[in-house]
Amino acid sequence: MSKRKAPAPPALPDGVAPGRGGSPTGQGQAPFVATAHQRQAVAALVSIGHPYKVISEVLRIPERTLTRHFSHELKHGRTLIHAQIGGSIVAAALSGDRTMQIFYAKAQMGWRDRHSVGFDDEKGNPINPANLFTVQIT
């Protein structure tokens, strides 16, 4: 009599573990492995202020798994996303994108648009032009 091996369970995509209760072959639950896509999603969701409950629902994982496997993204997600966006802005500005050059100059270099076309003093405050052209005879 020959022994037959049980068929192998179907392959799951990266980062997906079978549900509670183990696999049909009785091997137990596979360990959770986070993917780069999931890490990016957690960082993005944290950066815009979503609570852990919402993030775990989006990823379809328990909150405990989220906090256990994504602690770095949960703690530093906002900074990571800001760094990526800032890098994209700088790269676009350096490649010649005029809009990004203007945005960067205003946001980082303190440049601003002039809102008046009249006479201003050293601090940018408007001056009455009539006072500039008065002649005092003594």
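Analyst: Begin with handedness. A crossing is left-handed if the near helix is turned anticlockwise from the far one by less than a right angle, and right-handed if clockwise. Keep in mind that this is a predicted model. Here the crossing of H1 and H2 is right-handed.

User: What is the overall make-up of the chain, in helices and strands?

Analyst: There are 6 helices and 0 strands. The order from the N terminus is α-α-α-α-α-α. The chain has 138 residues, and 19% of them count as buried. Take the contacts with a separation of 6 or more: 31% come from residues 24 or more positions apart.

User: How is a pair of packed helices described?

Analyst: Two values do it: the angle between the axes and the distance between them. Take H1, residues 36-47, and H2, residues 52-59. They pack at about 150°, and their axes are 10 Å apart. Angles over 145 degrees count as roughly antiparallel, so H1 is roughly antiparallel to H2.

User: Which residues of H1 and H2 meet?

Analyst: H1 brings Gln38, Ala41, Val42, Leu45 and Val46. H2 answers with Ile55, Val58 and Leu59. By class, that contact has 7 nonpolar residues, 1 polar and no charged.

User: Is Ser56 buried or exposed?

Analyst: Ser56 lies in H2. Buried means under 20% relative accessible area. Ser56 has 6% relative accessibility, so it counts as buried. Set aside its neighbours within four places in sequence, and Ser56 is in contact with Ile61, Pro62, Glu63 and Leu66.

User: At what angle do H4 and H5 pack?

Analyst: The angle between H4, residues 71-94, and H5 is about 120°, with the axes 7 Å apart. That makes H4 oblique to H5. The crossing of H4 and H5 is left-handed. On the H4 side, the contact is made by Ile89, Val90, Ala92 and Ala93. On the H5 side, Met100, Gln101, Phe103 and Tyr104 take part. By class, the contact of H4 with H5 has 7 nonpolar, 1 polar and no charged residues.

User: Which residue caps the N-terminal end of H5?

Analyst: Look for a side-chain oxygen and a backbone nitrogen. Asp97 is the cap of H5, which spans residues 98-109. One of the side-chain oxygens of Asp97 lies 3.0 Å from the backbone nitrogen of Thr99.

User: What follows H5?

Analyst: Gly110 does. The phi of Gly110 is positive, near 80°.

Definitions and conventions. Residues numbered from 1 in each chain as written. Predicted model: local features only at pLDDT ≥ 70, side-chain atom pairs only at ≥ 80, totals over all residues. Heavy atoms only, no water. Polar contact = N/O pair within 3.5 Å; in protein donor to acceptor, adjacent residues only side chain to side chain. Helix = DSSP H or I, 4+ residues; strand = E, 2+ residues; numbered from the N terminus. Axes fitted to C-alpha atoms, helices over the stretch in contact; angles between N-to-C directions. Parallel < 35°, antiparallel > 145°, perpendicular 65-115°, else oblique. Contact = heavy atoms within 4.5 Å. Nonpolar A, V, L, I, M, F, W, Y, C, P; charged D, E, K, R; others polar. Buried < 20%, exposed > 50% of the residue type's maximum accessible area, 1.4 Å probe, protein only.
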